[in-house]
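Hello,

Here is the structure we spoke of, with some notes on it below. Please look through the model before reading on.

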Amino acid sequence: MENFRESVQIVVETNKKRALNGLDPLKITDRLMAMGQANANYASYIYSRQFQEPGFNESPHSKQFEVGENVAANVGYSNPIAIAYRGWYDQEEQNYKDIQSGKGCVPTSENSRCQTGHYTNIVNGLAGVADTGVKYVVTGAGISHVKMTINGMLGTTFAQEFNAKECFEAGCLPMYPAPDDPEYTPEEYLTRIDQYEEQLKNDVSKAQSDKTAADSAYTTAQQEATAAATALAEAQSALTEKTAAYQTAVSNQAAAEQSLETAQKALDDAKKDLGAGAQIPTKEQVDQLKAAADAAKSKQDAADKALADTKGSIAGLETAAQTAKTAADTAAAAEQTAKKASDEADTAAKNAQSKADDLAAKRAAADNAQAAANKAASAAAAAKTKADDAAADYQNVADELAAARKELTSLQSDTNAKKTAADTAEQEYNDLIDATGNADLKNLKNALNKAKESAEEAAGVVDTAQSSLDKIVEQKKAAAVEQAEKDLQAAVKVRDDAKKLVDELTPAPTPTPTPGPDPTVKPETEARDVYRVYNTASGEHLLTASAYERDTLVASGVWKSEGVAFKGVAKDGVEVKRYYNPGGKHMLTASKTEQDMLVRSGWQYEGVAFLAPEDAEGTNDVYRLYNPGNGDHLFTTNSAERDAASSAGWNLEGTPFDALK
């Protein structure tokens, strides 16, 4: 969803540029957003191959939708959209104006093809700007982030699509006119994203509720299955017992039938004996035989009843067993259904929880960033107080110098007045001498001439002293600037030579038998102040970790200290290197790609300016802003200063490195 939001920011930036030119904003459609994402994915694949495969030069435009399109890609920037618009709009606007004015476009390393098409797509409809014969009213965009395998850096590709509802001349785009899809402002589209995320949160809650219900149903089904299995076991045990009883009853019935058969045979034998004239049995013998027959008959009846009861019990047990088996099968099926629902609910809950955790993590990061911004604002206020104090000291010295010059001017005026009075007196005296011819007056005249010569010599001394003073001041200023430059260069060389010597003389660490520090205790990071100075002549801001370099620059009278900009680290940090453009600009960067680009463009390497901490807990982002008017860069951890510069026309280029809190 963050990627989706970032895509909407492309449209926001486009509408800002259109507003600057008095043009109506473009609206967003789902169809063009989908096209933008598809084309961004395709262009990302092409740019990735171009970046990593020399000679591969296929076009990044997929041409599968045939709408107006802008594509761009960059690598290693924390604010890639601003970098893309520097090329799409800032550079191409200048190209277009140069071409239209007849000046022509001069290719450079950063502007090799003198393009204007991205710019004319953005300001489509502006009077005097060539277009495609249509008036764009709808747009959509997509962003693709791909990690480069060649250097591990993150590459970002952008695609923005444009379409119209009206055609003003022949040769309209194939997708014209734009379908009647719902249209949204960027704000409305972001609201839809918010609503979708809210729906996701509701889905998380519902999934968790469904999982709880499914878990409960699963537990109930398991209990029912256990009860059914117990009933089935009991029924099977009872069936076994009844089957044994049945076998016993069958055996008893057979024995009774055998007894009955024996008695019947005895009776038949007795009848034969009677028929043959044998001796008639006594009454006692007849009663005994009858009793035996009755007993056999009772045993037969009991066996028949036991057999019938046993058969009925077996039938009932078989029915109960079948019922228990059916219940067990039903419970097993319910258990499987409940388990499946529980698994599905668990998966949905995990997915929803993952999204919720991601949102919570981003919220925590935003809170940390705000706390860091508040702390940086306090530091900026303290730095401003120090700067104001320094400015007051400077003003006091300036006031003293002005007072001295005023006093010197007063003395000069007094000397001139006295000289004028002396000239007048001399003239009057000469007139008197000529009129009287008195010798005493002539002696007085000679004395007056000597006094005049002394006055003239004194005036000459004053003039000579003033001239010498002015000359000495100018010489001192020039010498101080020249010496400061020499001292700075010597200090940089001494620093680099000393670092090289230390690296060469430092032996490799050897193991020692003494126990090392507790590995669970993390050593504190040693902080190093990074100073910022301001060039009052060119307006440039410069960063340095060298107090000597800062003091030397300030002593030159051209640079002004702005205090401690932020804190770096004394060792084991990210090297932030400084480069100088012979045209008078400095650039600081920790990006190897950007460093190589600067060297190829003619910038001179001045060494490592300072060490920045690794991105971790306890650090703040350092923002980099670019002034398109004069090419200056500004580095700050103060969000208030960042926002003020942005409002003044500076472009935010992201956070190239970090600083300690």
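Lys206 counts as exposed, at 51% relative accessibility; exposed means over 50% relative accessible area, buried under 20%, and partly exposed in between (1.4 Å probe, protein chains only). This is a predicted model, in which local features need pLDDT of at least 70 and side-chain atom pairs count only at pLDDT 80 or more, while totals for chains, interfaces and linings use all residues. Residues are numbered from 1 along each chain as its sequence is written, and side-chain values use heavy atoms, with hydrogens and water left out.

Lys206 forms a salt bridge with Asp210 (2.9 Å, N to O); the term means a side-chain nitrogen of Lys or Arg within 4 Å of a carboxyl oxygen of Asp or Glu. Asp210 is partly exposed, at 34%. Both residues lie in helix 5 (residues 186–275), four residues apart. Helices (H or I, at least four residues) and strands (E, at least two) are DSSP runs, numbered from the N terminus.

By this rule there are 24 salt bridges. Another one joins Arg578 and Glu606, with the closest N and O atoms 2.9 Å apart. Arg578 is in strand 8 and Glu606 in strand 10 (residues 604–612), so this pair ties together parts 28 residues apart in sequence. Arg578 is buried, at 8%, whereas Glu606 is partly exposed, at 26%.

Now to helix 9 (residues 592–600): its buried residues are Glu594, Gln595 and Leu598. They pack against strand 8 (574–581), strand 9 (585–589) and strand 11 (619–626), where contact means heavy atoms within 4.5 Å. Lys592 and Arg600, on the other side of helix 9, are exposed.

Regards
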